[in-house]
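Start with the structure, then read the points by topic.

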Amino acid sequence: MKTIVVGGVAGGMSTAARLRRLDESAEIVVLERGPHVSYANCGLPYRVGGVIAEREALLPHSPASLSARLALDIRVRHEALAVDREARTLLVRDLTTGEEYEEGWDRLVLAPGARPVVPDVPGVERALTLRDVTDTDRVLERLGTGARTAVVIGGGFIGVETAENLRLRGLGVTLVELADRILPHLDPEMAVAPAAELARHGVVIRTGTKVVRVPPDAVETSDGERLPADLVLLAVGVRPEIDLARAAGLVIGPRGGIAVDERMRTSDPRILAVGDAAEKRDALSGEPVLIPLANLANRHGRLAADAILDRPVAARPCAGTSILRVLDLTVAACGWSETRLRAAGRPHRVIHTHPASHAGYYPGAEPMSLKLLVEPGSERILGAQAVGGEGVDKRIDVLATAMAAGLPAPRLADIELAYAPPYGAARDPITMLGHIAENLADGTARTVQWHEVDAAREAGATLVDVRTPAEYAAGALPGAVNIPVDELRERLGEVPPDSRVIVYCRVGARGHVAARILAGHGRDVRNLDGGLLTRRAGE
Ligand code: FAD
């Protein structure tokens, strides 16, 4: 059987390699429009910053090395132009010679990826994008001409990573984002720390700002600003490359990607599609979704090979687990955000915690903020976000694993996590999330969210700050009385018996103890979830 793979990077090369490992007799042709295959697109921003010093590091495999190992017919600078489904042929152009030819196939795998979105803004052709190694060469070339200032348009993953790396190069960097916050896959209170981290390192951030013009030496914004820009980097999102599929009459899904089933088959079962060009199935809604991430491209590429060989495989629904570094912070997420759950009207319970990465008595512990979203009743994990230093990656991966396994949130407390002081805590942040989830599920704890406090106070709730007087004096919520948790039992009389009470502390732990004391004395009490730290981030 002859398989042609269009696109020789994450998804396409995963299919080709797996196909060969499973079938020594398969005929496999890989067509790649660009000059390189299997390049490390995820490393491109770090090449811009010089963190990856050698260009060759982004090119761990050459067509020759892959062909030698896997006996693949790899043709770089060959573009697939048109699919003839009836004749089962593909029209191909050799971009070096300009020659066009037809190539027959039994199975066709489309893995053409996604291209950067380019908005219709005057002068935008001067902006550079970052998709492949050649793009990185262009950015480095511009830097080599003495660029001192850069404007990065777009505050998503690629925009933020590139802003960081341009800053590391010593450029004056402004990051312009149309939404009200950078990294909008995070909820607002979780996106504050990464923005502050960029600002701390000198990146100027303009949110809620539209770029209206890109003149030769600047970027002009909707609020009349003229931002100096020797270099403009455009990163406002990517769009699936569907031209080939659409022209072939394949079904394009509601999200604008190639529609595939759980065996990666398009509407023509002899044609499969994987990677950024194809839609995935969302883990929560079961609806089609676009998730342009490398792990899924690789995984689905492998599954496509299995499906071609009639192996009994099926892609799982996807949670979109992601991570990125923002200077000294790590930012990670999986599943849905609260913003998305709210927009979809899906019931959810929210948990914020601010634990340390490992036992506080062992040197070097770093703070992190965790957010867990849970479905009331089933206690299913709907999503999670983690922002902080050391150990954020580990916690999001545990949560993503728990989510994939369908572990209810309270059962997080039962996972036996590896522990010694340099690595974690006997009650790991994950264990603590499980405890909180358990308390909320059975009513042992009741919380209010950072954005609900003001309305509760206006409705007559009493606010009790249970921190120390010194902490209280340094800044408290308006109208709050200070009764430190350790004095609460003696000073119960100061808490009005008939009104709802909201207790709070810095992160929510002392507040929980105080809430249990007051509940034990018959009071109607709520603890401020995540304490003042979450509230201040959200304000
Ligand atoms: P691609 O890797 O884009 O490969 C598609 C290839 O198909 C391209 O080389 C293209 O030239 C070729 N092609 C297209 N049309 C044709 C045609 N008609 N004929 C022949 N060839 C064609 N993901 C993560 O999970 N983590 C990260 O940290 C991360 N960082 C990233 C940083 C950057 C700067 C970029 C650009 C992406 C990053 N990603 C990251 C996303 C990840 O790289 C993609 O999800 C993944 O590469 C998608 O694989 P793919 O095979 O679908 O497409």
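**Briefing**

Just past helix H11, Gly443 adopts a positive phi of about 85°. This is a predicted model: local features need pLDDT of at least 70, side-chain atom pairs count only at pLDDT 80 or more, and totals for chains, interfaces and linings use all residues. Residues are numbered from 1 along each chain as its sequence is written. Helices (H or I, at least four residues) and strands (E, at least two) are DSSP runs, numbered from the N terminus.

**Confidence**

- Mean pLDDT, the predictor's confidence in each residue from 0 to 100, is 97 for the protein.
- A pLDDT of 70 or more is reached by 100% of the residues.
- The model has ipTM 0.99 and pTM 0.96.

**Overall build**

- The protein contains 15 helices and 29 strands.
- Its C-alpha trace spans about 90 × 55 × 40 Å along the principal axes.
- Of the 539 residues, 46% are buried. Buried means that 20 or more other C-beta atoms lie within 10 Å of a residue's own; exposed means 12 or fewer, and partly exposed is in between, with C-beta atoms placed from the backbone.
- Among contacts with a separation of 6 or more, 62% join residues 24 or more positions apart. Two residues are in contact if their C-beta atoms, placed from the backbone, lie within 7 Å.

**Ligand shell**

- The ligand is surrounded by 33 residues. A residue is counted if its C-beta atom, placed from the backbone, lies within 6 Å.
- Gly7, Val9, Pro112, Gly113 and Gly275 are the closest.
- At least two shell residues come from each of these elements: helix H1 (10-22), strand E2 (27-32), helix H2 (44-48), strand E4 (78-84) and helix H8 (294-308).
- The shell holds 18 nonpolar, 8 polar and 7 charged residues. Ala, Val, Leu, Ile, Met, Phe, Trp, Tyr, Cys and Pro count as nonpolar; Asp, Glu, Lys and Arg count as charged; the others, Gly among them, count as polar.

**Helix H5**

- H5 covers residues 157-168, and its end C-alpha atoms are 17 Å apart. That agrees with the 16 Å that 12 residues should span at 1.5 Å a residue. The expected span is 1.5 Å times one less than the number of residues.
- H5 is mostly covered, with 11 of its 12 residues buried. Among them are Phe157, Ile158, Val160, Leu166 and Arg167.
- Its buried residues pack against H2, strand E9 (149-153), E10, H6, strand E15 (231-234) and E20.

**Helix H11**

- H11 (residues 429-442) has 14 residues. From first C-alpha to last it reaches 20 Å, close to the expected 20 Å.
- Its buried residues are Pro429, Ile430, Thr431, Leu433, Gly434, Ile436, Ala437 and Leu440.
- Their cover includes strand E22 (349-353), strand E23 (368-374), helix H10 (392-405) and strand E25 (447-448).

**Leucines with positive phi**

- Most residues other than glycine have a negative phi.
- Leu183 has a positive phi of about 50°. It sits in the loop between strand E10 (172-176) and helix H6 (188-200). Leu183 counts as buried, with 23 C-beta neighbours inside 10 Å.
- Leu327 has a phi near 55°, also a positive value. It lies in the loop between strand E20 (322-326) and strand E21 (329-335). Leu327 is partly exposed, because 16 other C-beta atoms are within 10 Å.

**Two buried leucines**

- Leu382 belongs to strand E24 (residues 381-388). It is buried, with 26 other C-beta atoms within 10 Å.
- Beyond four places in sequence, the contacts of Leu382 include Leu284, Trp336, His348 and Leu373.
- Leu488 is in the loop between strand E27 (481-482) and strand E28 (501-504). It is buried, with 21 other C-beta atoms within 10 Å.
- Leaving aside neighbours within four places in sequence, Leu488 touches Val466, Ile483, Ala514 and Ile517.
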